[in-house]
Amino acid sequence: MHKRIGPELPARISPATLAGRHLFATNLSTDLVTGAFVDGPISVQALQTFRNLVAFVEEAGGSARDIAQITIYLIDGADLKDMNAAYNTVFTEAPFPTRATVIVKELVGPPGVRIETTAHAVIG
């Protein structure tokens, strides 16, 4: 059995799903209160995206340290430096997640989306 974590979305998807102790999440830079896309440069979008991941884990009863793996999708390799700065702002304590960063041609989402992430956390 699994449980939806995060806000209701208009699409038939969950921003995060808790299955036992395992949390699986995917997200864009969305304001979790309003549901609005947070547009702006990669520094703004990445910071919102990483904070969302931590919020999902905290809602499930964990902390950022429980995030075991993150895959980051960017549409522009030039965004890597600013994305890393946002990542380092949010993930400040070891153990750090394993991470892959993939540069893609485009992302599905609102116009202007520059980053999407998927993550797996083990709570507790």
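1. Isoleucine 5 stands opposite alanine 16, a residue of strand S2. Strand S2 covers residues 16–19 and pairs with S1 in the antiparallel sense, over four bridges. Two strands count as paired if DSSP finds at least two bridges between them; strands are DSSP runs of E with at least two residues, and helices are runs of H or I with at least four, numbered from the N terminus.

2. The model is predicted: local features need pLDDT of at least 70, side-chain atom pairs count only at pLDDT 80 or more, and totals for chains, interfaces and linings use all residues. Residues are numbered from 1 along each chain as its sequence is written, and side-chain values use heavy atoms, without hydrogens and water.

3. The six strands form an open sheet with mixed pairing, in the order S1-S2-S3-S6-S4-S5. Its edges are S1 (2–5) and S5 (98–103), each of which pairs on one side only.

4. Helix H1 (residues 42–59) lies across S1, S2, S3 (22–27), S4 (67–74) and S6 (115–122), and runs at about 25° to S6. Angles run from 0 to 180 degrees between N-to-C directions, with axes fitted to C-alpha atoms, for helices over the stretch in contact (heavy atoms within 4.5 Å).

5. Among the buried residues of H1 are Ile42, Leu47, Phe50, Leu53 and Val57, where buried means under 20% relative accessible area with a 1.4 Å probe, protein chains only. The cover over the buried residues of H1 includes S1, S2, S3, S4, helix H2 (80–90) and S6.

6. Just after H1, glycine 61 adopts a positive phi of about 100°.

How values were computed
Buried < 20%, exposed > 50% of the residue type's maximum accessible area, 1.4 Å probe, protein only.
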